[in-house]
Amino acid sequence: MTSKSSFLVSIKENNKRRIWVWVISFLGQLVLYPGVLMVYLSRINFRNAEGSYKLPEHYKIALQEAATDALGFKPFCMLPIAALGILIAVQGFSYLYDRKKVDMYHSVPVPAKRRFAVIYVNGLLMYVIPTLFSILIAALMAATQGSLTGRGMAECGLAAVLNLLYFLVVYHTGILAVMLTGNVVITGFASVILLGITYVAQQMLLVLRSNFFDTASAFFKGSSSAGSVIVEYDSKIYLLKVTALLSDIVKMILPIYGKWFALALLFGALAYLAYRKRPAEAAGKAMAFSGLKSVVKIIVSVVAGLIAGWIVYDATYYNVVLTALGMIGGAAFCGIVMEVIYETDIRGAFRHLVSTGIAAVAAAFIFCIFQFDLFGYDSYVPEAEKIESYVLDIGPYQNYWKWCDEDESIQYVSDSQYMQENMFLTDTDAVCELARKSQETNVEDMKDGRSVNVLYRLKSGKEVERIFWIDFADASNEELLNRIIGTQEYRDGVYLFANEYVETAFTEMEREWQVTYTNGAVQTQLPSFESGRLREMWLKDMEQFDFTLAHNNRPCGKLLWELEDGYISMSVPVYDSFLNTLTVLDEYEAYYPVELRAEDILSLEITNWHYQDQEAYFYEGGVYDSRAAEASEVQHAVTKEFTDPEEIAQIVENVYPDGAISSLYWSEAGLLDNEYSIVITFKMDTDWPYKRGYFNYRFLKGQVPEFVVERTAFGEEE
Amino acid sequence: MIEIYNVTKTFDNIKAVDAVSVVIKENTVFGLIGTNGAGKSTVLRMITGVLKPDEGTIAIDNMPVYDNAETKKLMFFIADEPYFFTGANVETMEHYFSSIYENFNKEEYYEYLKNFNLDKRRKIGTFSKGMKKQLALLLGICSHTKYLLCDETFDGLDPVMRQGIKSILAKEMEERGLTPIIASHNLRELEDICDHVGLLHRGGVLLSKDLEDMKCNIQKVQCVFPSAEEEGKALNGLDILKKEQRGSLCTITIRSTKEEIMARFATVDTVFFEVLPLSLEEIFISETEVVGYDIKKLILS
């Protein structure tokens with residue numbers, strides 16, 4: 001014992017001077033829990049009064065969902081909790097800003113450890129007690145309305161722990177900020193910097209990387225929210241809120257718990273260490289530890305330089321010289337401003353010019369790294385033997401989803417996520433050679449250059465993402481592409497149909513699957529019970545799929561699986577060589593060739609948009625002018641109707657459905673001419689079951705009949 | 001006993017305290033004198049463990065003080081601007097300090113408050129500067145610590161209050177061996193209260209002496225000698241600190257005891273001879289002039 005007062009007495013004494021923070025915390029939590037619940041429930045009651053819910057069960061479910069939302073993951077808690085964390089931290093330790101208070105508190109016989117513990121624990125209680133109280137009140141309110149469910153309580157518990165950890169990270173950061181600084185304004189800056197500088201720096205480096213490096217890609221990894229707990233909270237809480245399964249929520253939330261707990265521990269330890277080391281004479285100064293002044297100044301100035309450089313880069317339309325000057329100037333200016341803040345004297349602006357200079361030089365060096373690619377980012381191709389596997393995003397995309405056994409539901413997933421989870425390509429020599437060829441060839445010299453994203457999974461455990469170009473028209477690439485695309489690994493990774501859970505979805509789902517085949521103009525229905533067989537046949541046919549097949553052939557049609565409510569759909573291309581699939585289609589007389597029959601066509605309306613001529617109108621003074629563009633489009637479009645059977649016959653030989661079958665991504669020969677659009681009107685008395693309405697087609701590239709070119713030339717408008 | 005050995009403290013490259021060594025004995029009133037910026041507050045803040053010395057050591061009853069709550073139990077620090085909680089009254093402060101100091105005497109505290117006419121319900125924020133200092137002193141005294149450190153606490157107290165506080169201090173010293181350490185920029189404030197005085201100047205100690213010793217060892221003599229021979233005979237061998245002559249009247253400051261001087265002057269012929277009492281101010285002037293300082297500029301202006 002160091003004094004007669006027990007820890008609880010000290011807590012009580014400390015609380016006497018923190019009552020207003022307790023009040024704020026209680027009010028805030030009451031708004032966030034019972035308040036939000038009341039709003040949510042009243043919305044449902046209002047809708048119910050309007051008759052929006054047909055059955056009482058619907059109303060009850062809506063109430064339960066509202067209660068779950070109010071008690072569970074709420075994205076708008078991000079700022080209130082962060083603000084509360086900083087407020088409690090600053091108010092608790094703000095005595096350190098004032099010499100008079102420091103003289104009193106540090107001269108009385110209370111061990112520093114206990115003083116810290118008392119203030120710290122009180123701060124924690126200020127969050128925990130109002131939160132638990134508010135949750136209890138809200139839960140009781142929900143229970144009386146009959147809207148409290150097990151799921152709601154589970155989400156409430158998971159969210160409460162998440163919020164507590166989030167609070168702890170911010171609270172500890174706030175305490176650390178107080179310990180490092182000597183007045184409340186600078187503490188505010190320090191908190192913002194500690195909570196956001198890593199994220200800002202990371203984002204700026206990502207922006208610079210994507211702008212300065214040709215091979216930078218963020219397709220698979222995206223822009224990470226790591227680096228700032230606030231940004232991470234915002235992104236993760238939204239994901240958690242929309243995740244359907246509790247087990248998935250738990251799976252997602254546990255790593256976040258771990259990470260934030262570790263962060264809270266780290267910041268807490270640093271805060272305590274800083275508290276013990278903080279000199280009493282720091283009260284009222286800008287920075288508590290003079291040794292940190294230069295380090296902080298350089299770090300903040302360099303980040304400010306990066307931001308300034310980016311602003312200049314964007315504002316000057318990528319002027320490299322001005323960007324460099326902006327970056328150096330931004331860093332130097334920030335260094336000067338920080339000196340003024342440190343000294344709280346404008347005359348201090350030009351003191352410690354060495355550290356200001358170091359910041360400017362560091363900013364210049366970072367600029368050089370990007371401008372001159374000092375570390376060979378763009379020339380990087382890993383050694384083939386060091387790659388475990390890789391993902392190649394070469395297209396075409398599909399609508400990806402996941403089948404969840406737990407509740408037999410379907411969830412959408414992104415292209416990049418699906419590929420990362422399912423594609424494990426192993427022909428590393430092929431991808432390395434393609435990547436190297438991309439570096440050796442100027443993309444502008446490629447006849448049919450396509451950008452592809454690659455994610456190398458290295459044997460070291462590291463994952464490296466890049467973008468490079470492949471010339472589809474280069475015959476020497478064909479063999480390499482076949483080694484990649486013509487593999488089961490590729491089909492598993494890119495075609496959802498190859499995934500075994502699709503079969504489960506067919507058999508397990510109670511809802512009906514509608515299966516249709518279309519050639520672009522005719523759409524035929526197949527029996528639902530053939531879903532599985534058709535998939536099987538198509539997969540068998542896909543064994544012959546490779547780049548050569550895809551590049552040299554156009555799909556003749558498309559198979560489409562749709563849930564009856566249209567919630568989800570899957571489509572796959574069908575080629576003429578897919579005999580197994582075509583056999584099934586023939587069995588049900590569902591197959592129609594992609595080539596149109598001229599005799600079935602009543603008229604063709606062809607519009608030549610003359611986009612090439614329009615370009616002059618698209619830019620005025622280097623700035624896109626949408627009004628001018630729109631006016632230009634109207635002015636330049638030339639539309640003609642063709643009804644002559646001979647002309648129709650010539651035209652239909654060279655057209656292909658626009659998007660109705662599938663993207664002609666692979667096929668250079670099959671690329672469509674976007675200068676023209678064709679609207680077809682079919683006759684009523686044909687024996688092919690055409691869909692009703694208009695059908696959009698386009699000419700195959702380079703195959704526009706001369707008479708169409710002439711009659712739709714600019715100035716030929718009737 | 002408080003032992004300060006070779007203590008140095010620097011703020012932003014400015015040495016506030018430079019190699020200070022002082023010993024403060026128990027049950028004495030120690031006066032720490034110096035101009036503004038001399039380092040008095042810094043020394044007190046280091047003694048109370050608020051500041052950590054850059055160099056040197058401070059021991060309170062042979063225990064280190066910085067970051068040592070056990071040692072801090074022995075002392076109560078009244079800063080130059082004492083802090084009271086926002087919206088607090090004297091009761092609030094009593095609750096706080098009585099929860100911190102084991103021997104805080106509540107009865108005594110409220111008794112003193114009554115005697116000093118300090119309303120216990122009135123908010124401290126409405127108190128005058130002098131009332132706040134009184135309150136701080138009462139809190140310090142009633143905490144019943146061994147050492148009471150006061151930084152410019154007596155400044156701003158009216159003479160009646162000063163006397164009241166002094167008598168309480170004297171009582172506490174007598175009853176429980178309190179050791180007050182009082183820092184002031186004004187020598188006259190401390191003259192009638194201190195037993196021992198340390199003079200700080202520019203972060204260093206110019207002198208640290210027992211006031212009685214100083215008073216006993218320095219004498220001011222006014223005399224008129226009938227001749228230069230008699231003068232030479234009288235002053236020969238004495239440690240003369242200062243000598244002024246106005247007409248035939250000599251005023252001489254001599255480092256010696258009164259008895260020795262009386263004995264010496266009894267052997268010579270004088271027209272007029274008198275040993276005068278020295279004020280603390282005069283003692284300091286004499287002592288510091290010896291080491292080359294003009295004390296008037298330092299603490300008497």
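**Close-up views of a predicted model**

**View 1. Four strands of chain B line up as an open antiparallel sheet in the order β12-β13-β11-β14.** This is a predicted model, so please read each view with that in mind. At the edges of the sheet stand β12 (239–246) and β14 (272–276) of chain B. Each of these two has a single partner strand, so one of its sides is left without a neighbour in the sheet. Going from one strand to the next, the twist averages 20 degrees.

View 2. One place to look is Lys220(B), whose bridge partner in β14(B) is Leu276(B).

**View 3. Helix α10 (residues 258–266) of chain B packs on the sheet.** Which strands does helix α10 of chain B touch? The helix touches β11, β13 (249–255) and β14 of chain B. The direction of α10 makes about 175 degrees with that of β14(B).

**View 4. Chain A meets chain B in a contact that takes 22 residues from chain A and 21 residues from chain B.** On the side of chain A that touches chain B, the elements giving two or more residues are α1 (7–16) and α5 (99–107) of chain A. The largest share, seven residues, comes from α5(A). Sorted by class, this side of chain A has 10 nonpolar, five polar and seven charged residues.

How values were computed
Residues numbered from 1 in each chain as written. Chains lettered and ligands numbered in written order. Predicted model: local features only at pLDDT ≥ 70, side-chain atom pairs only at ≥ 80, totals over all residues. Contact = placed C-beta atoms within 7 Å. Nonpolar A, V, L, I, M, F, W, Y, C, P; charged D, E, K, R; others polar. Pairing = 2+ DSSP bridges. Axes fitted to C-alpha atoms, helices over the stretch in contact; angles between N-to-C directions.
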